[in-house]
Amino acid sequence: MVFLPVIVAITAAGNASAGPHEFQSGAQQVTFLELYTSEGCSSCPAAEAWLSRMKDSPELWKSVVPVAFHVDYWDNLGWKDSLASRAFTDRQRAYATLWNSSVVYTPAFVRNGREWRQWGGNDAPSDHPPGKPGVLDAASVDGREWKITFNPGEGLNGDFEVHVALLASGMRSNVRGGENGGKQLVHDFAALAVMDGQMQKHDNKRLALIKFSDDQFKTSGKLAVAVWVTQAGEIVPVQATGGWLSE
């Protein structure tokens with residue numbers, strides 16, 4: 001994993017609202033729900049449709065932060081997924097290594113750093129872990145420059161890294177090849193970009209400043225931000241928060 005300086009630039013779409021925005025986790029652990037998916041996988045639309053239900057859930061952003069990572073290992077089978085990234089594939093492979101597995105697959109859900117296969121039913125994806133890792137806060141006056149603050153819970157020490165994903169929902173894609181050829185797919189909570197940065201210690205808190213720009217990523221989708229922290233050098237999320245950036 002490559003970690004960037006405290007001040008990092010990521011690109012935002014032009015339809016982000018001006019703000020102000022403030023997203024806060026509370027002390028109880030928030031479930032960080034990851035979906036690994038691809039437009040080239042015939043079984044992935046059902047998983048994405050299930051994830052899309054989160055848009056209407058009262059748990060969204062409060063107890064569940066969802067992110068859909070599009071992987072690129074289906075791209076040579078008749079259709080290239082424009083949302084796919086080798087970095088997202090590497091992230092999924094890092095989880096497989098953590099679990100002592102040599103296999104990656106789609107659709108694949110990861111809940112709080114653990115493989116999760118019970119996504120097809122009506123059960124809520126949040127598992128309400130018993131721990132209280134601390135409060136994660138992301139605040140912005142203008143929707144572009146963000147102050148990230150993490151106040152670790154009692155007994156949680158060491159260095160931390162912050163991870164910020166720019167997400168888009170309501171994106172439509174007309175797939176012309178591969179297993180989903182001829183279908184129009186709708187993507188929600190799709191990761192457009194992810195940046196990682198070291199957090200600086202200030203008293204008992206950890207701080208980072210992240211700046212968005214809108215010179216690269218343009219989308220008609222509804223934008224959101226997912227923010228999560230990990231222990232330095234680790235992939236398993238410690239705490240998460242997020243919210244919508246556009247109406």
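Q: pLDDT is the predictor's confidence in each residue, from 0 to 100. What is the mean pLDDT of the protein?
A: This is a predicted model, in which local features need pLDDT of at least 70, side-chain atom pairs count only at pLDDT 80 or more, and totals for chains, interfaces and linings use all residues. Residues are numbered from 1 along each chain as its sequence is written, and side-chain values use heavy atoms, without hydrogens or water. A pLDDT of 70 or more is reached by 85% of the residues. The mean pLDDT of the protein is 87.

Q: Which element has the highest mean pLDDT?
A: Helices (DSSP H or I, at least four residues) and strands (E, at least two) are runs numbered from the N terminus. Strand 1 (residues 8-11) has the lowest mean, 42. The highest, 98, belongs to helix 2 (residues 86-98).

Q: Which side chains form polar contacts with that of histidine 163?
A: Histidine 163 is in strand 9 (residues 160-169). This histidine counts as buried because its relative accessibility is 1%, with buried meaning under 20% relative accessible area, exposed over 50% and partly exposed in between (1.4 Å probe, protein chains only). A polar contact is a pair of N or O atoms within 3.5 Å; within protein, one must be able to donate a hydrogen and the other to accept it, and residues adjacent in sequence count only if both atoms are side-chain atoms. The partners of histidine 163 are, at 2.7 Å, aspartate 196 and, at 2.8 Å, threonine 230.

Q: How many disulfides does the whole structure hold?
A: A disulfide is a pair of cysteine sulfur atoms within 2.5 Å. Cysteine 41 is buried at 1% relative accessibility, and cysteine 44 is buried at 0%. The number of disulfides found is zero.

Q: How far is the backbone nitrogen of glycine 40 from a polar atom of the serine 38 side chain?
A: Serine 38 sits in the loop between strand 3 (31-37) and helix 1 (44-52). Its relative accessible area is 1%, so serine 38 is buried. Beyond four places in sequence, serine 38 contacts Cys44, His70, Val71, Trp74, Asp81 and Asn180. The distance to the glycine 40 nitrogen is 3.0 Å.

Q: Which residue stands opposite serine 173 in strand 11?
A: Strand 10 (residues 171-174) pairs antiparallel with strand 11 over four bridges; pairing requires at least two DSSP bridges. Opposite serine 173 is leucine 185.

Conventions. Contact = heavy atoms within 4.5 Å.
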